[in-house]
Amino acid sequence: MDVKNMVENDEVENYHPKPRKWPRAIFIVVVLCCYGFAEALLWFLSIFQFFWSLFKGNPNSYIIEFGLALAKWNSQAIKYCLFVDDQAPFPFSNWPNIKKK
């Protein structure tokens, strides 16, 4: 198909992102920055939890609960960034709620 036919058939419009996609692109950048922070937080909490359990004998229950919520947030962030889910994760929605069993 040549350029003249594409212009006449208005197919050129398909080559540009729709305006409603740009806000999601900004959200994805924010979520990816948060994801990088979550990775650093995971390192810190893992080391802290190791030494806590080393000296106290059992792991810290608050870190365990927060770790479960962080794992759920990571899952939500990945699904949102890869367009699996349209629900934006925290900070654009509530922090994941983890119910104890």
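Modeller: Gladly! Let me begin with a definition: rings of Phe, Tyr and Trp (for Trp, its six-membered ring) pair if their centres lie within 6.5 Å. Please keep in mind that this is a predicted model.

Colleague: How many aromatic pairs does a search of the whole structure find?

Modeller: One of the groups to look at is a cluster in which ring pairs link F44, F48 and W52. Over the whole structure, the number of aromatic pairs found is eight.

Colleague: What kind of pair do F90 and W95 make?

Modeller: Their ring centres are 5.3 Å apart and their planes stand at 90°. Planes over 60 degrees apart count as edge-to-face, so the pair F90 and W95 is edge-to-face.

Colleague: Which way does helix α2 run relative to α3, roughly parallel or roughly antiparallel?

Modeller: Helix α2 covers residues 21-56 and helix α3 residues 61-81, and their axes lie 10 Å apart at an angle of about 150°. Angles over 145 degrees count as roughly antiparallel, so α2 is roughly antiparallel to α3.

Colleague: How many residues of the contact of α2 with α3 are nonpolar?

Modeller: The contact includes F27, L41 and F48 of α2, and W73 and I78 of α3 among others. Two of the contact residues are polar and one is charged, while the nonpolar ones number 19.

Conventions:
Residues numbered from 1 in each chain as written. Predicted model: local features only at pLDDT ≥ 70, side-chain atom pairs only at ≥ 80, totals over all residues. Heavy atoms only, no water. Axes fitted to C-alpha atoms, helices over the stretch in contact; angles between N-to-C directions. Helix = DSSP H or I, 4+ residues; strand = E, 2+ residues; numbered from the N terminus. Parallel < 35°, antiparallel > 145°, perpendicular 65-115°, else oblique. Contact = heavy atoms within 4.5 Å. Nonpolar A, V, L, I, M, F, W, Y, C, P; charged D, E, K, R; others polar. Phe/Tyr/Trp six-rings, centres within 6.5 Å; stacked < 30°, edge-to-face > 60°.
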